[in-house]
Amino acid sequence: MSRPALVLGPPPLLAAPGLARLWAALPRVRLVGGVVRDLLAGLAPADIDLATPDPPEMVVAALARAGIRFVPSGLDHGTLTALVDGRSFEVTSLRRDVATDGRHAVVAFGADFATDAARRDFTLNAMSMTQEGAVFDAFGGVADLAAGRIRFVGEAGRRIEEDFLRALRFFRFQARFGREAADAAALAAITARVAGLARLSAERVWGEIKRILAAPDPRAAVAGMAETGVLAAVLPEATGRAAFDRLVASAAPADPLLRFSALCPAAGVLLAARLRLSREERDALAALAGPAPDPGAEDDALRRAREETPLAVLLGRAWRADDGTPAWGVLRARLATLPAPVFPLAGRDVLALGVAPGPAVGAMLHEVRRWWRAGGCRASREACLAELARSRRSQ
Ligand code: ATP
Ligand code: MG
């Protein structure tokens, strides 16, 4: 067995009650991939992935013995979701590739952590961590993460041909963790294989585009995508590079849909359908096309707008209306000083007046909220309670 590259004390995440129970039941399990990268980078991991050298049937038996519930979320490829103390954890039995066609891998169980690391895409994503906080790092991911260097595990060209999504993932991690200029050999390998991107499903492509656009500053990554031909291959609608760069530079919220709408100025239902955006994403995109607030509006009107509409949407509308002119700057500065007002009443305040639970509760609340909005969202809780009592009496 290889030796750990470093031993951190167990990070606080490891003491999370659910994880500790899971680890007691499955002592050979390790944190793997992105979660280790995020812990080392001091970021909160998006999801907690675990892996074990034990085959799925042993995992199932150990969980049953420990009384831990699980969902067989992908048991045929060795993944189940354990539900412990209200949290869910993906546990995957380690696999090795037997064959691959550029999209799907055929895998077998019974691999070790080093073999698993070799299947992962980039060195910074190929580390694993034990419950004692020992980090195993077969490919130099600790040093690459520290240097902000995105390096393929193994030979870039071959790894991209196994799964063309890795060309997009390269730009995602470059945008998020890159501090050095992107590796020239990797860029050349990507450029030579751009045609393969057409084979990817729209869902996978959009998942990566969204994450690239959510990075604090994705301008260099998007420029790299344009230079390699990746952008034209996956997003020929991206005609708004200059506006996108101005938007990112303007300190607007790092909202991926707002950035998407700047990058693809004609983004509408057709593009949303082609990329298979979720309903929420479509709604968010459509909301960006609504009317922009007037930068010279009264404070009360802006507070109302802020209460009704998320900040990123308001800024997006204004951006689309005048793309970085001074008026936009004025509006952005004014909105930045106006937190979203919080309506001070809830359903229980209506119930406390003796109103029976039912649709009437929401209707009364709605009426007081309209009154509160009309007054510029300034009325205190006491004033709102008085208005609620008044509207009840007048019913
Ligand atoms: P996120 O913060 O979005 O969760 P992540 O790196 O954890 O980022 P996941 O999609 O959760 O991304 O994947 C978890 C891990 O699985 C990755 O860190 C990487 O090790 C491996 N992985 C994911 N997709 C690929 C891929 N296409 N090719 C090789 N390895 C991959
Ligand atoms: Mg992850």
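**Figure 1. Salt bridge between E281 and K210.** In this predicted model, E281 pairs with K210 in a salt bridge, with the closest N and O atoms 2.8 Å apart. A salt bridge is a side-chain nitrogen of Lys or Arg within 4 Å of a carboxyl oxygen of Asp or Glu. The whole structure holds 26 salt bridges. Local features need pLDDT of at least 70 and side-chain atom pairs count only at pLDDT 80 or more, while totals for chains, interfaces and linings use all residues. Residues are numbered from 1 along each chain as its sequence is written, chains are lettered from A and ligands numbered from 1 in the order in which they are written, and side-chain values use heavy atoms, with hydrogens and water left out.

**Figure 2. Salt bridge between R169 and E208.** The side chains of R169 and E208 form a salt bridge at 3.4 Å, N to O. R169 lies in helix 7 and E208 in helix 9 (residues 202-214), so the pair, 39 residues apart, links distant parts of the chain. Helices (H or I, at least four residues) and strands (E, at least two) are DSSP runs, numbered from the N terminus.

Figure 3. The chain is divided into domain 1 (1-147), domain 2 (153-236), domain 3 (251-341) and domain 4 (347-393), with bounds from an automatic or database domain assignment. The C-alpha centres of domain 2 and domain 3 are 27 Å apart. In domain 2, 13 residues are in contact (heavy atoms within 4.5 Å) with 13 residues of domain 3. About 1,200 Å² is buried between the two domains, 68% of it on carbon and sulfur atoms; buried area is the accessible area (1.4 Å probe) that two parts lose on being put together, summed over both. W206, L213 and L235 supply 51% of the area that domain 2 buries against domain 3, more than any other three residues. Between these domains there are 2 salt bridges.

**Figure 4. Surroundings of A108.** A108 is in strand 8 (residues 105-109). Apart from neighbours within four places in sequence, A108 is in contact with L94, R95, R96 and V98. The C-alpha atoms of A108 and L40 are separated by 30 Å, and the two residues are 68 apart along the chain.
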